[in-house]
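User: I would like to go through this model with you. Could you take me through its layout and a few local details?

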Amino acid sequence: MNARPEAASQPIRLADYRAPAWRVERVELDFDLGIDATEVSAKLLLRRDPAQDEPLRLDGEELELLSIALDGQPLPASAYRHIPGGLEVDGARDGSVLETRVRLHPAANTALEGLYLSGPRESGFLLTQCEAQGFRHITWFPDRPDVQSIYTVTLRADRARFPVLLAGGNPDGAGELDGGRHWARFADPHPRPSYLFALVAGRLEKIERDYRTADGRDVQLKIWAEADAIGRCDYAMDALQRSMRWDEQAYGRNYDLDVFHVVATHDFNMGAMENKGLNIFNAKCLLADPDSSTDDEYRRVESVIAHEYFHNWSGNRVTCRDWFQLSLKEGFTVFRDQSFSADMNSAPLKRIEDVSLLRRAQFPEDAGPLAHPVRPAEYSEINNFYTATVYEKGAELVRMLAGRLGAAGFRRGTDLYFSRNDGRAATLEDFLAALGEANGIDLTPYLAWYGQAGTPRLKARGAYDAARREYVLTLSQHTPASHDQSRKQPLPIPVKLALFGADGRMLPLHLDGQAVGTEAVVVLDETEQDFVFRDVAEHPVPSLLRGFSAPVALECDYTPAELALLLTHDPDGFNRWEAGQQLALRAYDALRDGAGPRAVDTWCDALAGLFDDARLDAALLADLLTPPGEIELAERESTVDPARIHALRQQLQQQLATRIGGARLEARYRALAAQATAALDAASQASRRLKQRVLQLLALVDPAGASEHAAVQYRDAPGMTDRLGALAVLALHDATRSAGPLAHYRSRYANDPLALDKWFALQAQLPGEGALARVQALEADPAFTLKNPNRARAVLGTFASGNPTGFHRTDGASYRMYAERLLALDALNPQIAARLATVFNGWQRLEPQRREAARAALAGLAGRDGLSRNLTEILGNMLKA
Ligand code: TRP
Ligand code: ZN
C-alpha cells in the first residue's frame with residue numbers, strides 16, 4: 001500500500017457538505033491488545049438515509065483487513081473493494097450489521113495518531129488519539145463527527161503487561177481469561193462521534209476522588225499516570241473539581257457518567273484531548289509540583305483541565321456537524337476556560353495574558369500566508385486548522401457575543417443552545433440562532449466575523465466642542481485584504497469605552513439623550529460612524545475598547561501625556577496595561593527613528609513613577625514593565641530585520657532600567673527575595689513574577705550584581721519558578737557562571753522529562769552568533785530525540801520562535817538546518833512537522849537577504865518527494881503568496 005496515498009488529494013470544501021448517507025446506530029469494538037500487533041473487531045449496526053442512494057463507504061487508513069462479514073455472512077472479495085482512503089461494500093441495507101477484523105501495529109506508529117505506544121516497548125503503555133481523523137486508523141468506519149453512535153468497547157490483554165484497561169463510558173464488566181489474560185468492558189449511553197473514542201492500556205497508577213454533581217450523580221474521578229509521576233497529579237485533581245463545580249454554577253452543566261478518567265502521557269501531539277469519559281493529557285498540561293513546575297505551568301494545568309472537562313458539553317454532548325465548525329467547540333470552550341481562569345485567579349491579568357497571546361500568535365497568522373477565517377471555507381489537512389485563529393480568535397468572537405447579550409442573556413442563550421442541540425452535531429449558525437432567539441436579538445450580523453480572515457483596523461478620532469459641551473467620537477474600520485479574499489465587509493465591532501477628565505476621573509456619559517453611567521458600549525457596524533456624547537464638561541481622554549472588547553487593532557492618535565494619564569488612572573486593568581503598551585510602542589518607534597528622547601522619557605517616567613506604588617498589584621507591575629514582544633514589534637514593520645528589532649527592544653528596556661535606577665531595582669529585588677516561598681497563592685505568585693522582571697531589568701544596568709543574585713537564587717530556590725528564572729538570567733548574562741548550575745540542573749532532573757524540556761528550551765533561546773552551534777550541541781545530548789513532540793518543540797520550536805537573533809542568521813544556516821529537521825520529523829510525525837513549519841510565517845516580510853535564504857530553505861523542502869499532506873499544505877500556502 002502507498003504509505004501516503006492522500007498527499008496530492010483535493011481540498012475539502014464547506015460548500016460540498018452532504019449529510020451522511022449511512023449512519024452507525026451502535027458499535028461494538030473488541031480489542032486484542034499487543035504492543036507489536038493489536039487486532040480490532042468491529043460490529044456496526046448500520047442505518048441508511050432513505051433519501052440518498054449512495055453505496056456504503058467506510059473510512060480506513062493503513063488497516064490490515066483480516067475478515068469482513070455482512071449480516072453474519074463472510075463477504076466474498078467481489079463484494080467489497082478498497083478505494084482511496086477507504087472501503088466500499090456492496091449489499092448493505094438499512095439495519096444491516098457489518099463485522100470487520102483488522103490488525104494494527106501500535107509500536108510502529110510514530111505519528112501518535114490512532115493507536116500507539118507511549119514510552120519504551122518493555123514498560124510503555126498503549127493509548128489512542130482520534131481527533132480529528134484518527135479513528136480511521138483503528139477500524140473501518142464513517143469517520144465524521146455527524147455520525148454519532150452508542151459505543152460498547154471490550155479490551156483484552158495480558159494481565160501482567162497491561163494490568164490497567166480503560167475506555168470511555170461506564171464500566172460494564174471485567175474478568176479473567178485463559179493464559180494470564182483479562183478483559184474489561186465499557187458502555188457509553190451517550191451517542192458520540194468517532195473522534196471521541198479512546199482507550200488506554202498498560203501499567204499505570206491512579207489517584208481517586210469522589211464527586212457528587214449538583215444534580216446528584218456520584219462520580220469517581222480518577223487520574224492515571226506512570227508510577228514516577230503519580231505523585232504530581234493532586235493539583236490537577238483539585239483543578240478538576242473546581243472546574244466541575246464552576247460549570248454547574250456558570251452554565252448549569254453537570255457531568256453525565258459514573259466515572260471520569262484522566263490520563264497523562266509524555267508522547268502527545270497537542271495539549272490534551274477531551275475523549276468522552278477518558279481525557280488524555282500531555283503530561284506537560286497535567287503534572288505539577290513546586291519542585292518541577294513553574295507558576296505559569298500551574299495556571300496552564302488548571303486551564304487545560306478545565307478546557308477538556310468543559311468540552312464534555314461544548315463538544316461532546318453537542319458536537320460539530322463537520323470540521324469547518326471546529327470553532328463551535330474550540331472557540332466556545334476556550335472562552336469558557338478563560339472565564340473560569342479569570343474567576344479562579346485575577347481577571348485583568350488573565351485578560352492581559354490572553355490578549356498578548358492573541359497578538360503574538362493569532363494576529364500574525366491572520367496577517368500572513370496562513371490566514372484563514374475562524375470558519376475556513378476549505379482545507380486539505382484538517383489537523384492544520386487547529387490554529388490560533390480557530391481557538392483564540394474564535395474565543396474572542398464568543399466573548400463579543402456574550403458581551404452583547406450580558407451575563408444573564410448569554411446564560412439564557414447557552415441554556416437554549418445546549419438543550420436544543422443535545423446529542424446533535426451542530427453548526428455555528430445553530431449557536432448564533434440559539435443565543436439570539438433566547439434573547440429576541442438577531443445575531444446574524446456577527447456571522448460575518450466567522451467567514452472573513454484578517455484583523456480589522458479600528459481607527460478612532462475624537463473632537464470636542466467646548467461651546468456645545470459635545471464630544472464626537474468617529475470610529476472607522478478597515479480590514480486589509482488577505483490572500484484568500486481581496487474585499488472585506490464591515491463587521492459589527494463593539495467598543496466598550498469611558499471618558500476621562502484631566503484629573504483622571506471618569507466622566508458621566510450621555511448617549512442618545514440618556515445617562516448611561518461612566519462606561520458604555522457603542523457598536524460600529526458600518527465603515528464609519530460618529531458617536532455623539534453630550535454634556536461633556538471638558539475635553540476628555542477616551543479609554544477605548546476596554547477589556548479588549550473586540551479582536552481588532554486600534555489606532556488612535558493619543559498624545560503621550562494622554563496615554564500616561566490612562567496608564568496611571570484607568571481602573572480597567574486591561575486598558576491600563578494597554579496604555580502602557582501603547583506608550584512603549586511610541587518609545588520604541590522614537591528610538592528606531594532617532595526621533596529624540598521625548599517618547600522614551602514619557603514611558604520610562606510613567607513606569608518609574610509607578611514602580612514603588614504599593615497599591616499596584618505586583619504581577620500587573622511586572623507586566624507593565626514588559627514592553628511588547630519582538631513578534632508584535634515585527635508585525636508593525638513592512639520590512640523585518642529581527643536582529644535590529646531585538647537590539648532596539650533591549651535598548652528600550654535598558655533605558656527603562658536606567659531610569660528606574662540600579663539602586664531601586666536592587667532594593668526591590670532584595671525585598672522580594674526576602675519573601676521567597678514555594679506557596680502558590682496569588683500574592684506569592686505575583687511577587688515571584690515581579691522579582692523575575694526586576695532581576696532581568698537589574699541585569700541590564702548591573703550584570704555582575706544581577707548574576708550574583710541569580711547564583712544565590714538558583715542555589716536557594718524553594719521552587720521551580722525561582723530556580724528556572726535564576727538559571728535563565730545567569731545563562732543570558734554570565735556564560736561562565738552559568739555552566740555549573742546548568743550542569744547541576746541537567747543531572748538533578750535527568751529523569752524528569754518535563755523539567756529537562758525546560759533546560760533544553762532555556763538554552764535554545766540564548767541569543768547571538770553561537771546560538772546555532774549551541775542548538776546543534778543540544779541535539780547531540782543523549783536525551784534529545786525528534787520522536788518526542790515535547791522535546792522537539794523544546795529545542796527546535798523554541799529556537800525558531802524564541803530566538804530571533806539565532807534563528808534569523810543572515811547567512812541562512814539556521815533556516816537550512818531547520819528545514820532538514822522538518823524533513824526528518826515529517827517522516828515520523830507529520831502533524832508536528834507541519835506545526836513547526838508555521839514558524840516561517842511572515843518570511844516574506846524579512847529583509848531581502850534573509851528573505852531569500854528563507855525562501856530557498858522552504859522551496860528546497862517543498863521540492864522533496866514523499867512529504868505528508870500536512871507539511872505539503874503548509875509549505876504550499878507559505879510559498880503561494
Ligand atoms: N480537541 C483538543 C482540544 O483542544 C485538541 C486536539 C485536536 C488534539 N487534535 C488533537 C489533541 C490531536 C491531541 C492530538 O482540547
Ligand atoms: Zn479544545
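Predicted model: local features only at pLDDT ≥ 70, side-chain atom pairs only at ≥ 80, totals over all residues.

User: Which domains is the protein divided into?

Analyst: The division gives domain 1 (12–310), domain 2 (322–450), domain 3 (457–550) and domain 4 (749–881).

User: How far apart do the C-alpha centres of domain 3 and domain 4 lie?

Analyst: Those of domain 3 and domain 4 are separated by 43 Å.

User: Let us turn to the sheets. What is the order of the open sheet of 3 strands?

Analyst: The order is S4-S8-S7, and the strands pair in an antiparallel manner. Strand S4 (56–59) and strand S7 (80–83) form the edges; each has a single partner strand, so one side of each lacks a neighbour in the sheet. Neighbouring strands of this sheet are turned by 25° against each other on average, ignoring direction.

User: How many bridges join S4 to S8?

Analyst: There are 4 bridges between S4 and strand S8 (residues 86–89), and the two run antiparallel. One bridge pair to look for is leucine 58 with leucine 87, the latter in S8.

User: And what is the order in the open sheet of 4 strands?

Analyst: That sheet runs S10-S11-S16-S13, again with antiparallel pairing. Its edges are strand S10 (114–118) and strand S13 (164–167); each has a single partner strand, so one side of each is left without a neighbour in the sheet. The average twist from one strand to the next is 15°.

User: Which residue stands opposite leucine 165?

Analyst: Leucine 165 faces alanine 201 in S16. S13 and strand S16 (residues 199–202) are antiparallel and joined by 4 bridges.

User: What does its side chain pair with?

Analyst: The side chains of aspartate 188 and arginine 192 make a polar contact of 2.8 Å. Beyond four places in sequence, aspartate 188 is in contact with Ile150, Tyr151, Gly168, Gly169, Leu257 and Lys276.

User: Where is lysine 276 found?

Analyst: Lysine 276 sits in the loop between strand S20 (272–273) and strand S21 (278–282). Lysine 276 counts as buried because its relative accessibility is 3%. The side chain of lysine 276 has a polar contact of 2.9 Å with that of asparagine 312. Setting aside residues up to four places away in sequence, lysine 276 touches several residues, including Asp188, His190, Arg192, Asp256 and Arg317.

User: Changing topic to helices: at what angle do H16 and H17 pack?

Analyst: Helix H16 (residues 703–716) and helix H17 (residues 720–733) pack at about 145°, with their axes 8 Å apart. The crossing of H16 and H17 is left-handed.

User: Which residues in H16 meet H17?

Analyst: They are Ser707, Ala710, Ala711, Gln713 and Tyr714 in H16. Their counterparts in H17 are Asp722, Arg723, Gly725, Ala726, Leu727, Val729 and Leu730.

User: Finally, how many residues of H24 are buried?

Analyst: In helix H24 (residues 830–837), 7 of its 8 residues are buried. These are Pro830, Gln831, Ile832, Ala833, Ala834, Leu836 and Ala837.

User: What do they pack against?

Analyst: The buried residues of H24 pack against helix H21 (789–802), helix H23 (813–828) and helix H26 (869–880).

Key
Residues numbered from 1 in each chain as written. Chains lettered and ligands numbered in written order. Heavy atoms only, no water. Domains from an automatic or database assignment. Pairing = 2+ DSSP bridges. Axes fitted to C-alpha atoms, helices over the stretch in contact; angles between N-to-C directions. Buried < 20%, exposed > 50% of the residue type's maximum accessible area, 1.4 Å probe, protein only. Contact = heavy atoms within 4.5 Å. Polar contact = N/O pair within 3.5 Å; in protein donor to acceptor, adjacent residues only side chain to side chain. Left-handed = near helix turned anticlockwise from the far one by under 90°.
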